[in-house]
Amino acid sequence: MQEKNRGLALFTILVFVFLLGPLLIISLTSFEAGSILKFPPENYSLRWYENIFKVEMFFTTFKTSILVSLGGNLLALLIGLPAAYALSRFEFKGKNILNAVFLSPILIPGIVLGFTFLKFLVAAYQLPVYTALFIGHTVIMLPFIIRVIASSLSNFDFSIEEAAESLGASKIGTFFHVVLPNIKSGILAAIMIAFLESFNNVDISVFLTGPGVSTFPIQMLTYVENYFDPTIAAISVLLMILTAFFMFFVERLMGLSYFTKR
Amino acid sequence: MKKRYIYLLALPGVLFLAVFMIVPIILTIGTTFFNENGFTLKAYIDLFKDKYFTDILLTTFKVSVVTTFICILLGFPAAYYISKLGTKKKAFLLLLTIFPLLTSPVVRSFAWMVIIGKNGVINKLLMGIGLIDYPLNILYTPVAIMIGLVHLFLPLIIVSLVGVMENIEIDVLNAAESLGASKMDVFLRVVVPLCVPGLVIGSILVFVGSFTAYTTPALLGGKQRVISTFLYQNAITLNDWQVASIIAAIMIIITFFVTTVMNLVAKKLNPKG
């Protein structure tokens with residue numbers, strides 16, 4: 001029987017080699033000194049890391065991505081938090097429909113969403129590309145914000161809220177002084193998960209670029225189409241470090257259950 | 001608590017989605033069924049008569065189906081192994097699974113370009129050990145798209161299966177074993193059936209995700225189009241928004257159809273009833 005488990009262990013190891021190997025290879029190639037991607041690198045250097053900062057567009061688009069992801073996050077939080085509270089606190093008519101509406105941005109293919117945003121936000125509503133980008137990213141962040149906060153609220157004991165109210169606290173006061181502090185870590189996790197979702201997005205942003213407006217992942221795609229040097233590998237390493245940081249904090253804030261229970 | 005007050009909490013979100021997403025989506029789909037003479041399916045019939053389009057649709061289907069099967073074949077045993085580990089080891093392996101899931105799809109597809117390209121890692125290795133004389137053409141083929149998509153979605157199916165398997169009570173497995181079932185029997189006749197609903201749901205995620213993915217086929221597919229890159233080509237390169245809208249409608253209809261049917265299947269197959 002031991003044999004079988006060993007076989008399964010070996011199989012699992014190979015699965016992880018497949019999952020993580022490519023990320024390791026790309027990390028190593030970023031230290032190549034020559035201008036062609038090689039694995040393993042022949043000579044080591046950090047020149048491609050320097051090159052990231054020499055390409056003006058990487059800097060501009062990085063700024064755009066950060067602004068759009070943070071701004072959209074704030075707006076999604078502003079309209080998502082009350083909705084998440086209503087959905088997890090109360091039983092009411094049409095609750096299932098509301099749940100479906102708030103999840104729908106995940107269910108609709110990203111590429112379809114992106115095209116519709118171009119067709120309506122930019123063409124029909126005549127919004128500036130930057131505004132459309134901001135609204136589009138808010139739409140895709142909303143389901144993540146609502147889902148993570150709702151799951152954090154589902155662990156909250158609402159009788160505490162009732163106790164505060166029966167002691168004379170106002171409804172709004174109770175929300176800000178009792179409910180909010182208790183779901184603080186859930187909100188932070190929601191912000192981080194939604195941020196990654198937006199910051200890495202390609203499907204929507206690819207339709208919402210215009211003169212002078214583009215996002216970081218789109219700029220990466222454009223760069224890959226024109227150059228095959230290790231710059232993108234160097235960027236990949238920096239992005240993976242950022243991802244690891246976020247993952248570490250999300251794990252600290254609410255564990256891994258968000259990912260395994262969907 | 002007054003009912004009206006509750007709806008007021010959800011109102012900003014609903015309005016926001018209605019104005020910026022729901023109405024635009026409905027209008028985009030709706031208008032494809034009409035021309036100046038009223039209701040018609042002509043635009044759809046024309047598109048389906050175009051062999052270039054049906055080939056793309058077929059390739060996309062094939063790639064998505066194969067990707068889903070490979071993800072199950074690789075993901076199921078791995079998830080089973082992970083779910084039986086102790087708390088610390090399990091958490092560590094889950095972190096290693098979630099990490100690629102959160103990593104940018106551009107980074108992940110780009111990594112595969114380096115590996116399967118003409119001068120890539122695989123070709124160098126195979127030529128180095130003398131197995132092949134000329135580099136294999138993997139990059140810019142449907143196989144390349146498939147490899148990239150399996151890499152993209154395998155973590156998703158592992159993570160959701162581990163969630164399902166954790167809920168299987170150890171007592172059930174012990175009972176089967178104490179009644180004389182071998183480990184393999186327990187796996188095939190107890191674990192697998194109990195996992196089927198979770199497996200179907202995981203498969204929906206992978207299939208729909210593969211069917212609609214853009215970044216991976218755009219980078220690894222080269223000239224080989226799939227339905228999402230075809231939509232992009234029509235919308236941006238060819239500026240034909242009429243055709244792009246029809247493709248968008250087809251994508252929504254197919255994903256909703258597959259999701260609904262598979263969900264019904266999952267309910268039917270649930271041994272708990």
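Here are some numbered notes on the two-chain model above, starting with how to read it.

1. Keep in mind that this is a predicted model: local features need pLDDT of at least 70, side-chain atom pairs count only at pLDDT 80 or more, and totals for chains, interfaces and linings use all residues. Residues are numbered from 1 along each chain as its sequence is written, while chains are lettered from A and ligands numbered from 1 in the order in which they are written.

2. Start with chain B as a whole. It has twelve helices and two strands (DSSP runs, H or I of at least four residues for helices and E of at least two for strands, numbered from the N terminus). The order along the sequence is α-β-β-α-α-α-α-α-α-α-α-α-α-α. Its C-alpha trace spans about 75 × 70 × 35 Å along the principal axes. Of its 273 residues, 44% count as buried; buried takes 20 or more other C-beta atoms within 10 Å of the residue's own, exposed 12 or fewer, and partly exposed is in between, with C-beta atoms placed from the backbone.

3. Now the interface. On chain A, 67 residues are in contact with 63 residues of chain B, contact being C-beta atoms, placed from the backbone, within 7 Å. Several helices of chain A give two or more residues to that side, including helix 3 (56–89), helix 6 (129–153) and helix 11 (231–254). Helix 1 of chain A gives the most, with 14 residues. By class, the chain A side divides into 52 nonpolar, nine polar and six charged. Here Ala, Val, Leu, Ile, Met, Phe, Trp, Tyr, Cys and Pro are nonpolar, Asp, Glu, Lys and Arg are charged, and the others, Gly among them, are polar.

4. Helix 5 of chain A and helix 12 (residues 241–269) of chain B have axes that come within 10 Å and cross at roughly 145 degrees. (Axes are lines fitted to C-alpha atoms over the stretch in contact, with angles from 0 to 180 degrees between N-to-C directions.) Val112(A), Phe115(A), Thr116(A) and Lys119(A) make the contact from helix 5 of chain A, and Trp241(B), Ala244(B), Ala248(B), Met251(B) and Ile252(B) from helix 12 of chain B. That makes seven nonpolar, one polar and one charged residues.

5. The largest nonpolar core has 153 residues, and among those touching the most other members are Ile145(A), Ala190(A) and Ile247(B). A nonpolar core is a set of buried Ala, Val, Leu, Ile, Met, Phe, Trp, Tyr and Cys residues joined through C-beta atoms within 7 Å. Leaving aside neighbours within four places in sequence, Ile247(B) is in contact with Ile227(B), Phe230(B), Leu231(B) and Asn234(B).

6. In helix 9 (residues 184–199) of chain A, the buried residues include Ile187(A), Ala190(A) and Phe199(A). Their cover includes helix 3, helix 6 and helix 11 of chain A together with helix 4 (87–102) of chain B. In helix 5 of chain B, twelve of the twelve residues are buried, so that helix is largely enclosed by the rest of the structure; Arg108(B) and Trp112(B) are among them.

7. Last, Phe62(A), in helix 3 of chain A. Why does Phe62(A) count as partly exposed? Because there are 16 other C-beta atoms within 10 Å. The C-alpha atoms of Phe62(A) and Ile235(A) are separated by 11 Å, though the two are 173 residues apart along the chain.

Definitions and conventions. Two residues are in contact if their C-beta atoms, placed from the backbone, lie within 7 Å.
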